[in-house]
Amino acid sequence: MNITVIGTGYVGLVSGICYAELGNQVICVDKDPRKIDMLNAGGIPIYEPGLQELATANRTKGRLSFTTDLPSAVTQSDIVILAVGTPPLPSGEANLDYIDEAALEIAQAMNGYKIIAVKSTVPVGTNERLGQLIRTRTNHPFDSISLPEFLREGSAIQDTLQPDRIIIGAESESAAATMTALHKPLTDQIVVTDIRSAEMIKYASNAFLATKISFINEIANICEKVGADVTKVAEGMGYDKRIGPSFLKAGIGYGGSCFPKDTSALIQIAGNVDYEFKLLRSVVEVNRDQRFNVIRKLETIFEGDLQGKTVAVWGLAFKPNTDDVRDSPALEIIQHLVDNGVKVKAYDPIAMDNFRALFGKDGVEWCNEAMETARGADALCLLTEWDEFAEVDLGQLQSVLKRPILIDGRNVFNEEHLLGTDFIYYSVGRPSLNQGVKQPMPIL
Ligand SMILES: NC(=O)c1ccc[n+]([C@@H]2O[C@H](COP(=O)([O-])OP(=O)(O)OC[C@H]3O[C@@H](n4cnc5c(N)ncnc54)[C@H](O)[C@@H]3O)[C@@H](O)[C@H]2O)c1
């Protein structure tokens, strides 16, 4: 099939490359000429393991190209897939300006029947509204498809080539059949439904996953007070097939470009039809507070006096294996530390440049290497569970820190790692581990 994918971000680029990998002829379009120049030069503007190799292979086979010329791409394609950003507005609602703009550009370029599919996450009713918008600019026929995306950054290729399911929201049976044929090589789990339900499936899925995370984080907070171990609790819960083990990892809360914005948007979507989504409001509130446990733990250790201390931070991306720092908990944690007179030294294996640009303020020493970051610090906070941090020698780490204080926001280390060290160690929801180290732990 001939496909144009509009938007070469985390979703559009991976999707486009994977559609080419399936043997389709794919043109990836972006309005950002720097991204397209980089792609045409063989580079990849995002960090996603394996993506560069897959892009090169498909370009060599002549199935994949990159351009800023949206009209030319649209005229050469039967299927046009929108994967532009839908970032949050201050109100929490999704900003649909980019998708509206792209839809109008498609309409103006149409030269015959097209399937126009929306992969971007958009509120219920958006596909219908886009359809009306497109009809104001063209008389050519088209079918709208809602094609919500579920890939996870860091494992995006695998998620795209082996998805748990594909959701196709359609009004037209023939367009649904074409989209089913396109995705059939990926999975048998294809759910064809009406457009509004497809749009809702995306928000409901993300809201449910965010709920699981906030739920286990609250359980972790209670575990700290009652002396239970949240990792054991999660393991015990996860064997129950009705619950499942995924997304029961306690930590400093979710971040990234999807969960925060999609939960806020769903609260707004519900609010717009006079429904207060109380459960989801609490999920968001719990998540926002969870990151401050890191600060609270530092304050306990330093008896409320953070002023003048040096705190090292390991991990700035919202999760490992991505350079995405949008809504990363590290942003707010570091900001709070800086505002309270702490000297922050920060390091991330991949996301340094993106974080620095988004943080946009002074007061942080940006470091190039994990041990150098820790050297001379009064405490170390681990905020992203990159493999490189799990593999460090804790004896060496202890020797470079001024004081052996380790706040492990992702439960990376266990009792074995800590054996033979003198760390004052705090993790999330594992009070027995805190007490298991040589230094006596203050009661939380
Ligand atoms: N990132 C994820 O993990 C993920 C997962 C599932 C769904 N989604 C959803 O997918 C959508 C895209 O997310 P993303 O993270 O890939 O966004 P992104 O910000 O990384 O990329 C969006 C791209 O679209 C381009 N763009 C904007 N307007 C354009 C136009 N008119 N013409 C051509 N290009 C244009 C931008 O230049 C940018 O490169 C969002 O709705 C998001 O919620 C994201």
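Visitor: What makes the 82 residues a nonpolar core?

Guide: The label covers buried Ala, Val, Leu, Ile, Met, Phe, Trp, Tyr and Cys residues joined through C-beta atoms within 7 Å. Buried means that 20 or more other C-beta atoms lie within 10 Å of a residue's own; exposed means 12 or fewer, partly exposed in between, with C-beta atoms placed from the backbone. In this predicted model, local features need pLDDT of at least 70, side-chain atom pairs count only at pLDDT 80 or more, and totals for chains, interfaces and linings use all residues. Residues are numbered from 1 along each chain as its sequence is written. Of the 82 in the largest core, Ile6, Ile81, Ile106, Ala117, Ile145 and Met179 touch the most other members.

Visitor: Why is this core said to lie between domain 1 and domain 2?

Guide: Domain 1 (2-193) and domain 2 (202-288) both give residues to this core, so it lies between them. The bounds come from an automatic or database domain assignment.

Visitor: Which residues is Ala117 in contact with, leaving aside neighbours within four places in sequence?

Guide: They are Ile79, Ile81, Ile145, Leu147 and Met179. Contact requires C-beta atoms, placed from the backbone, within 7 Å.

Visitor: Which residues of helix H2 are buried?

Guide: In H2 (residues 33-40), Lys35, Ile36 and Leu39 are buried. A helix is a DSSP run of H or I, at least four residues; a strand is one of E, at least two; both are numbered from the N terminus.

Visitor: Why do they line one face of H2?

Guide: Seen down the H2 axis, the buried residues fall within an arc of 95°, so they line one face. The arc is that of the directions from the helix axis to the C-beta atoms. On the other side of H2, Pro33 and Arg34 are exposed. Strand S3 (64-67) is included in what covers the buried residues of H2.

Technical notes:
Contact = placed C-beta atoms within 7 Å.
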